[in-house]
Amino acid sequence: MILLLQYTLIFASVLMLVALGGCFSEHSGVINIGLEGIMVMGALGGALMMKFMPAGMPAAGIILLVILAAIALGVLYSLLLAVAAVNFKADQTLVGTAMNLLGTAAATVFVKAMNTAESVDNVSSIIQYIEPKKAFLVNIGSFEFNWFMLVAAVALAVSYVVLYKTRFGLRLCACGEHPQAADSVGINVYKMRYAGVLISGVLGGLGGIVYITAGVSEWKFENGVAGFGFLALAVMIFGQWKPTRIALAALLFGFFRALGNVYTGFDFLKALELPSAVYNMLPYIISLVVLAFTSKKSCAPKAEGIPYDKGQR
Amino acid sequence: MKKEKTSLLRNGAVQSLLASLLCILIGLVVGYVALLVINPAGAGEAILTIIKNFMTYSKSTAQLKYLGSTLVKTAPLLMCSLSVLFAYKAGLFNIGAAGQYVAGVGASLYCALAWGMPWYVCLLAAIVAGALLGAVSGLLKAYCNVNEVISCIMLNWISLYLVNMLLSTVKEEASPYTLTLSSTNPGAIMPSLGLGALFSKNQYVTVAIPLAILVAVVVWVILEKTKLGYELRATGCNKFAAKYCGMKEKENLILTMAISGALASMGAALLYLTGFEQWQCTQSAVPAMGFNGIAAAFLGGLNPLGSILSSYFIQHITNGGAYVDKTMYSAQISDFISALIIYLCGFVLFFKVTLNGYLDRRDEKRKRAEQTAQEGGDAE
């Protein structure tokens, strides 16, 4: 039971972080389908940092460095979307899709090249991080507390305050609702959209590293992040683009995802003898059903996905 | 009024072609730089290997044979790109081509292996499965306002796991792969009609390839020459205007997704019913074919006939990636290049606008020069 709670919380943290990232980007008016690719890049940054950092660092140092590396790569990668969507008025869905493919492909090429350079026989795309990963975990009884859970909770609080209580957040939202109106009162729409996308890079990259350290100690980059970025988008939509509701949605989705990992521990679920594929499918099915019922009265930012053109009325 | 001579660059098709070539060029250059960074020693050779693909073989019979193999995989890619393109023309982004493709694999292989159906029934089953899956996304979009991108992505994963479950019942005992068609049900292999003999007896070259090209032409005719195609394009341009004109935008939307899904899943059948590949029932990622279809569709300038060329190109470099020196590079370098090309396709609109702006300025300058020359002539 505790295991289920632990996995629910960690997967919910991932979903929450990434969905909040998507929330910032979409409130600024840019659809970010590329979150999946950003997650892969963040994961790569964090994993590389864990692989190459000197042994014997204090736990706090490890955590900080890994987080910084993940964020740095996430932000850098999200620039690809920002440049294309803001400066070049590209089709955001297309660019996002390309970023997802590019993220996985680039990470695979890179990790394979690195592994092959170390030893010629190693053509896998796997990075191991058994030792440094322990820095993130604190055992409280049989519950394994992960510092990333705290990071996610902080991110939630900060996002809420920034989005609703600061000048910056309100301006950001204005750019996603009616950029022409925002521009007319002197807000720089391009800058705001850049900010939105880059924040989604921060949170997406962070989500990536949390995801690959949740439960496993090595990651095969050929698999990307297995659709988690998209699941986070569903969480965001189900959460109606509002931080608090996103948190609740993330918990719900995290629960179903966790079930897939730990269902063998429950006798009544084991007795059902469902193939494991059913549990793998569950989060996606649930999200589809949930979306079908909640999308009718969607309150998506009105101008999302539309490139801002200063000359347009 | 005499018709003004327009520059060749004004032509939409020429612009699309130029933009696509530019995307390919930049993609290859960046890919080359990536190779240089990984290992400068073999980068030049590797990029040439990718571009050459089957031409790395010195014998012409081997070249022909592997050209055949590239073509075998071009057929499904072309179908996927048609699927993406068809939906895009109606204003929908069918990122679910991958899932519909998987559904096609499941339906066709299950019919072939479990029920021993002939190939045309399997093909039909695949088409129906894809159409149904596409229609689900369409229905969700039309009646529940679910963004088709999200629903398609969810359906991609759902269909992957479902098909894995379904095909596990017809897999080989000792491996995760499905039974081969040739040993279980040779009647499910598509007829070659002598095409295989043309490619140095490549048995996998079948009627599938001309069939895919035929479908591309049919899609072009539907989009450009029929009422349905007109309505779909109108809905894509402005769905409110289309509704105002009395078009049934909801029905059109569902129909579009169904046709789009059918195209992608038919592509799957066109590959798997040649016996070229077996499905791996433990597959944990959605196959790249559907996503590469997006690349091919946009690279082809969103024209069905352009898709034929662009899908061949994408498949050509993907196959070429398999030949690079594995001690230095990985085959994914071609995925990297094709992903880059999709990314660059996002800039095509900007390219066209800039080009048109440049042409406008040039024409204006010329006109003004003519005018001043004329005025100068009058004054004399």
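**Close-up views of a predicted two-chain model**

**Figure 1. Helix 6 and helix 11 of chain A.** In this predicted model, the axes of helix 6 (residues 147–165) and helix 11 of chain A approach to within 9 Å and cross at roughly 155 degrees. Since angles over 145 degrees count as roughly antiparallel, helix 6 of chain A is therefore roughly antiparallel to helix 11 of chain A. Helix 6 of chain A contributes L156(A), S159(A), Y160(A) and L163(A) to the contact, and helix 11 of chain A contributes P243(A), T244(A) and A247(A). Sorted by class, this contact of helix 6 with helix 11 of chain A has five nonpolar, two polar and no charged residues.

**Figure 2. Helix 3 and helix 12 of chain B.** The axes of helix 3 (residues 60–89) and helix 12 (residues 249–272) of chain B come within 8 Å, with a crossing angle of roughly 175 degrees. Helix 3 and helix 12 of chain B are therefore roughly antiparallel to each other. On helix 3 of chain B the contact is made by V72(B), K73(B), A75(B), P76(B), M79(B), C80(B), L82(B), S83(B), F86(B) and A87(B). On helix 12 of chain B the contributing residues include T256(B), M257(B), I259(B), S260(B), L263(B) and A264(B), and also M266(B), G267(B), A268(B), L270(B) and L271(B). By class, the contact of helix 3 with helix 12 of chain B has 16 nonpolar, four polar and one charged residues.

**Figure 3. The nonpolar cores.** The largest nonpolar core has 228 residues. Those with the most contacts inside this core are L15(A), A19(A), V235(A), M79(B), L273(B) and I342(B). With neighbours within four places in sequence left aside, L15(A) is in contact with L231(A), A232(A), V235(A), A250(A), F253(A) and G254(A). Another core, of nine residues, lies apart from the largest one; L163(A), L172(A), C173(A) and C175(A) are among its members.

**Figure 4. The side of chain A that touches chain B.** Contacts between the chains involve 42 residues of chain A and 40 residues of chain B. Helix 4 (92–118), helix 10 (228–238) and helix 13 (276–294) of chain A each supply at least two residues of the side of chain A that touches chain B. The largest share, 15 residues, comes from helix 4 of chain A. By class, this side of chain A has 28 nonpolar, 10 polar and four charged residues.

**Figure 5. Helix 2 of chain A.** Helix 2 (residues 35–52) of chain A has 18 residues and, at 1.5 Å a residue, should span 26 Å. Its end C-alpha atoms are 26 Å apart, in agreement with that value. Helix 2 of chain A is mostly covered, with 16 of its 18 residues buried.

**Figure 6. Two loop residues of chain A with positive phi.** Most residues other than glycine have a negative phi. K89(A), which is not a glycine, has a positive phi of about 50 degrees. K89(A) is found in the loop between helix 3 (59–87) and helix 4 of chain A. K89(A) is partly exposed, with 17 other C-beta atoms within 10 Å. Q240(A), also a residue other than glycine, has a positive phi near 55 degrees. The loop that holds Q240(A) lies between helix 10 and helix 11 (243–262) of chain A. Q240(A) has 17 other C-beta atoms within 10 Å and is partly exposed.

**Figure 7. Surroundings of A129(B).** A129(B) lies in helix 5 (residues 119–144) of chain B. With 28 other C-beta atoms within 10 Å, A129(B) is buried. Not counting residues up to four places away in sequence, A129(B) touches A103(B), G104(B), G106(B), A107(B) and S265(B). The C-alpha atoms of A129(B) and S108(B) are separated by 9.0 Å, and these two residues are 21 residues apart along the chain.

**Figure 8. Surroundings of L355(B).** L355(B) is found in helix 16 (residues 348–379) of chain B. L355(B) counts as partly exposed, with 16 C-beta neighbours inside 10 Å. Leaving aside neighbours within four places in sequence, L355(B) is in contact with L9(B) and Q15(B). R10(B) is 345 residues from L355(B) along the chain, and the C-alpha atoms of the pair are separated by 8.6 Å.

**Figure 9. Chain B as a whole, for orientation.** Chain B has 16 helices and zero strands. The C-alpha trace of chain B spans about 95 × 60 × 40 Å along its principal axes. Of the 380 residues of chain B, 52% count as buried. Among contacts in chain B with a separation of 6 or more, 76% are between residues 24 or more positions apart.

Note on methods:
Residues numbered from 1 in each chain as written. Chains lettered and ligands numbered in written order. Predicted model: local features only at pLDDT ≥ 70, side-chain atom pairs only at ≥ 80, totals over all residues. Axes fitted to C-alpha atoms, helices over the stretch in contact; angles between N-to-C directions. Helix = DSSP H or I, 4+ residues; strand = E, 2+ residues; numbered from the N terminus. Parallel < 35°, antiparallel > 145°, perpendicular 65-115°, else oblique. Contact = placed C-beta atoms within 7 Å. Nonpolar A, V, L, I, M, F, W, Y, C, P; charged D, E, K, R; others polar. Core = buried A, V, L, I, M, F, W, Y, C linked by C-beta atoms within 7 Å. Buried ≥ 20, exposed ≤ 12 C-beta atoms within 10 Å, placed from the backbone. Expected span 1.5 Å × (residues − 1).
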